[in-house]
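Subject: Structure for you to look at

Hello,

Here is the structure I promised to pass on. Please open it beside this email and follow along.

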Amino acid sequence: MNKKIKKTSLIILPIALGVFLIWYSIAKLSQSDIQSIKTSFQTANYWWVALSLALGILSHFSRAYRWQFLLEPLGYKPRFANSVMAVLIAYLLNLFIPRSGEFARAATIKKYDKIPFDKAFGTIVAERVAYEIM
């Protein structure tokens, strides 16, 4: 397959799937459901929404930063953006197949920062073990 077509399809297909799933979800709503959603948006306290979004993003950043600390003694320094994206990919895959995100996280960092899979996965296991001990 042509490299440009492959790259374009890797961008367009997930977006098309997302648009389809949103449309499918909205199409099933009744008129009373739509009115209830509108009322909820009008009465929501957006200060709390913004605070929860900020704290959620901060938690993802801190997990990626903590992972960089684990990789550093092994002689690897992945880019912070790649670490964050690997963590986010892991969360996404864990929604579909539990615990598959750990493998995807190591595979993602291997692909983009050339860190061996076994070393990256070892740090993930060490993080889990340390978390369980606490």
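**Charges and overall form**

The protein carries 17 positive and 7 negative side chains, and the centres of the two sets are 10 Å apart. Lys and Arg count as positive, Asp and Glu as negative; His and the chain ends are left out. Each charge is placed at NZ of Lys, CZ of Arg, CG of Asp or CD of Glu.

Before you go on, note that this is a predicted model: local features need pLDDT of at least 70, side-chain atom pairs count only at pLDDT 80 or more, and totals for chains, interfaces and linings use all residues. Residues are numbered from 1 along each chain as its sequence is written, and side-chain values use heavy atoms, with hydrogens and water left out.

The protein has six helices and zero strands. Its pattern along the sequence is α-α-α-α-α-α. Helices (H or I, at least four residues) and strands (E, at least two) are DSSP runs, numbered from the N terminus.

How does the radius of gyration of the protein compare with that of a compact globule of 134 residues? The protein has 19 Å, while such a globule would have a value near 14 Å. The radius is taken over C-alpha atoms, and the globule rule is 2.2 Å times the number of residues to the power 0.38. The C-alpha trace spans about 55 × 45 × 25 Å along its principal axes.

Now the surface. The protein exposes about 10400 Å², and carbon and sulfur atoms supply 71% of that area. Accessible areas come from the Shrake-Rupley method with a 1.4 Å probe; for residues, only the protein chains shown count as cover. Buried residues make up 19% of the 134 residues. Buried means under 20% relative accessible area, exposed means over 50%, and partly exposed lies in between (1.4 Å probe, protein chains only).

Next, contacts, meaning heavy atoms within 4.5 Å. Take those between residues at least 6 apart in sequence: 45% of them join residues at least 24 apart.

Start with α3, residues 46-71. This helix has 26 residues and reaches 38 Å from its first C-alpha to its last, close to the 38 Å expected at 1.5 Å a residue. The expected span is 1.5 Å times one less than the number of residues. Which residues of α3 are buried? They are R63, A64, W67, Q68 and L71. Their cover includes α4 (80-96), α5 (100-113) and α6 (117-133). An α-helix has 3.6 residues a turn, so residues three or four places apart point the same way.

Helix α4 has 17 residues and reaches 25 Å, close to the 24 Å expected. Its buried residues are N82, S83, V84, A86, V87 and A90. Both α3 and α5 are among what covers them. Look at N82: with a relative accessibility of 14%, N82 counts as buried. Leaving out residues up to four places away in sequence, N82 touches I109, Y112 and D113.

Helix α5 has 14 residues and reaches 20 Å, close to the 20 Å expected. Its buried residues include S100, G101, E102 and A104. The buried residues of α5 pack against α3, α4 and α6. Find A104 in this helix. Its relative accessible area is 12%, so A104 is buried. What does A104 touch, not counting residues up to four places away in sequence? It touches I89 and L93. A104 and F117 are 13 residues apart in sequence, and their C-alpha atoms are 9.9 Å apart in space.

**Two loop residues**

Most residues other than glycine have a negative phi, and most peptide bonds are trans. R99 has a positive phi of about 70 degrees, although R99 is not a glycine. R99 lies in the loop between α4 and α5. Is R99 buried or exposed? R99 is exposed, with a relative accessible area of 54%.

K114 also lies in a loop, the one between α5 and α6. Its phi is positive, about 55 degrees, although K114 is not a glycine. At 64% relative accessibility, K114 counts as exposed.

**Back to the start of the chain**

L21 lies in helix α1, residues 3-27. L21 is partly exposed, with a relative accessible area of 45%. L21 and N45 are 24 residues apart along the chain, and 27 Å separates their C-alpha atoms.

Best wishes
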